Amino acid sequence: GRIAAAIRPIQAQRIVLSCKHARSYVPGLLGAWLAGATVELLPNVQPGTLDRVDADPAIAAVLHDDPDRRDRSTKALYVPELVTRDAPFTVRSLPELAVRMTTSGTTERPKYVEKTLAQLVDEITVLANVVMAADCVLSTVPFSHLYGLLWGVMLPLRLGARIASHEALLPADVATAVEREHVDLLISTPAHLRAMAEATMPRALRVISSGARLPSPLHASLIAKHAWRVTDVLGSTETGGIATRSDPYAAWSPLPGATVTAPAQQLTVASAWCTGERIALDDRIELAADGTFEYLGRTSELVKIAGKRADASAIEATVRAVPGVTDAAVLVHAAADKEPRVALAVTIDARDARDARDASETSETSETSESAVTRDAIANAIRHHFDAVFVPKIFRVVPRIPRTERGKLDARELRALLGLADRATDQIPVERLGPDEYRAEIPSDLVFFDGHFDTFKVLCGAAVIDRIVWPIVKLEHPEIGELRAIRRLRFKKPIGPAQTLSIKLALTPGKIQFEILEATAQVASGQLVVT
């Protein structure tokens with residue numbers, strides 16, 4: 001009520017909420033709504049983003065809990081101080097449009113997603129029926145994300161659970177907060193969970209993971225090491241929650257009330273909490289007859305690091321604005337068993353090129369060795385408008401940005417210029433699921449995709465046998481000697497980057513029948529003659 005009383009005289013329709021701590025965020029959120037205002041959530045609180053907010057006449061105030069920003073502008077309202085004021089207040093009508101978010105932080109025109117209060121309530125009603133009751137919820141996800149807002153704030157309020165207000169980032173600090181607050185439901189992301197998997201953590205926690213794809217091996221590791229009950233949630237800012245799974249190797253099950261279709265394997269969602277009747281996403285799925293589906297990955301080069309995302313074109317535009325930079329191109333490099341990293345190539349003004357070459361020749365050879373001044377200027381520009389995770393780990397000044405005749409980026413040539421071409425892996429990791437049954441994750445940077453083909457990557461049949469089937473045969477049946485022949489080899493579907501395959505074997509004297517499937521669809525089959 002005190003927050004609402006402070007907002008109401010402003011007569012604002014939009015209030016920015018950028019509080020970090022739950023003790024400030026929750027009263028800020030509810031106070032803005034009680035005052036009838038739409039809450040705008042920022043993608044970050046970098047200076048460039050705050051400059052945009054201060055210059056926007058449609059935003060009347062910024063609710064925050066950062067002492068260093070108290071005097072930043074006349075719009076700044078410091079929540080810890082506001083909640084101590086005793087002010088009369090009369091409830092106004094709640095806003096129809098509850099939240100406005102951007103899907104990326106950029107100096108270009110941001111893409112907005114809006115949610116009505118009815119949509120948020122509809123989704124929370126479903127989530128409350130899916131998730132068991134909790135006593136205390138701790139979220140490592142920023143509340144400025146729809147995921148953090150729904151699961152870290154609104155769901156606990158609906159369940160009647162306490163919300164742990166904390167500053168924990170490192171696994172040891174999270175563990176301390178969990179034990180101190182008696183947390184029984186942890187809301188997190190794969191990036192945070194990867195660090196927790198290797199740390200000493202409280203056991204038997206219930207965990208929600210979203211914001212990025214949770215790798216099946218990491219999911220299984222959390223179960224095995226910590227006895228955690230992990231629910232992986234698939235969703236997006238545009239659609240909200242879509243589906244869940246608790247078994248790392250099971251198919252996805254749509255949330256009650258969410259309708260999933262897959263025209264041409266494109267994930268399309270409709271629900272009461274979507275912003276449109278049907279929303280087609282940049283994701284591919286294999287839909288089963290029972291309504292469950294296998295997730296096949298994204299179809300674009302959206303830059304997504306540690307659960308955060310930004311448009312590559314927006315990052316490139318920011319870099320091009322740096323004095324001396326004439327062109328720029330961004331790639332995401334995802335080597336096997338490593339977190340994705342941003343790779344950046346730039347061309348610079350001819351007057352600066354000689355200095356950059358001289359600096360490069362006198363520095364140590366590494367992924368990031370280039371002109372320190374140029375690198376620092378670019379890193380600072382990116383930090384000014386984007387989260388720090390988008391600062392490139394791999395950086396090169398190149399003679400030119402390779403492009404096709406149509407002006408599109410030639411990613412293959414650019415990877416070679418960035419020194420990534422020779423880092424492709426020649427190994428395909430496999431996991432045993434049971435007797436004569438395995439799973440293989442096809443790396444995106446597999447060396448066998450190079451040149452096969454230029455416009456559509458296909459794994460050649462020789463590599464399928466040599467790097468998937470035969471290694472599995474030797475793992476499962478070490479007594480088998482040599483491969484003498486291959487018979488009845490059939491390929492029904494191409495195998496491409498980032499696909500998840502299941503492989504089944506059937507052993508008879510002197511022969512092994514194999515079958516490769518993607519979800520339930522057969523990809524390949526054949527017979528190996530062995531000694």
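The model is predicted, so local features need pLDDT of at least 70 and side-chain atom pairs count only at pLDDT 80 or more, while totals for chains, interfaces and linings use all residues. Residues are numbered from 1 along each chain as its sequence is written, and side-chain values use heavy atoms, with hydrogens and water left out.

**The whole chain.** Begin by selecting the protein chain, whose secondary structure comes to 14 helices and 28 strands; helices (H or I, at least four residues) and strands (E, at least two) are DSSP runs, numbered from the N terminus. Of its 531 residues, 50% count as buried, where buried means under 20% relative accessible area, exposed over 50% and partly exposed in between, with a 1.4 Å probe and protein chains only.

**Helices α5 and α6.** Next select residues 117–130, which form α5, together with residues 146–159, which form α6: their axes come within 10 Å and cross at roughly 65 degrees. Axes are lines fitted to C-alpha atoms, for helices over the stretch in contact, and angles run from 0 to 180 degrees between N-to-C directions. That makes α5 roughly perpendicular to α6, since angles under 35 degrees count as roughly parallel, over 145 as roughly antiparallel, 65 to 115 as roughly perpendicular and the rest as oblique. Among the residues that meet here are Leu-120 and Ile-124 in α5 and Trp-151 and Met-154 in α6, contact being heavy atoms within 4.5 Å. By class, this contact of α5 with α6 has 11 nonpolar, 1 polar and 2 charged residues; Ala, Val, Leu, Ile, Met, Phe, Trp, Tyr, Cys and Pro count as nonpolar, Asp, Glu, Lys and Arg as charged, and the others, Gly among them, as polar.

**Helices α8 and α9.** Now move to α8 (residues 190–197) and α9 (residues 216–226), which pack at an angle of about 40 degrees with their axes 10 Å apart, and are therefore oblique to each other. Show the side chains of the contact, including Pro-190 and Leu-193 of α8 and Leu-218 and Leu-222 of α9; the contact residues divide into 6 nonpolar, 2 polar and 2 charged.

**Thr-425.** Then select Thr-425, in the loop between α13 (411–417) and β23 (430–434), which counts as buried at 16% relative accessibility. Its C-alpha atom is separated by 5.0 Å from that of Leu-446, although the two residues are 21 apart along the chain.

Finally, select Cys-19, buried with a relative accessible area of 6%, and Cys-274, buried at 4% relative accessibility.
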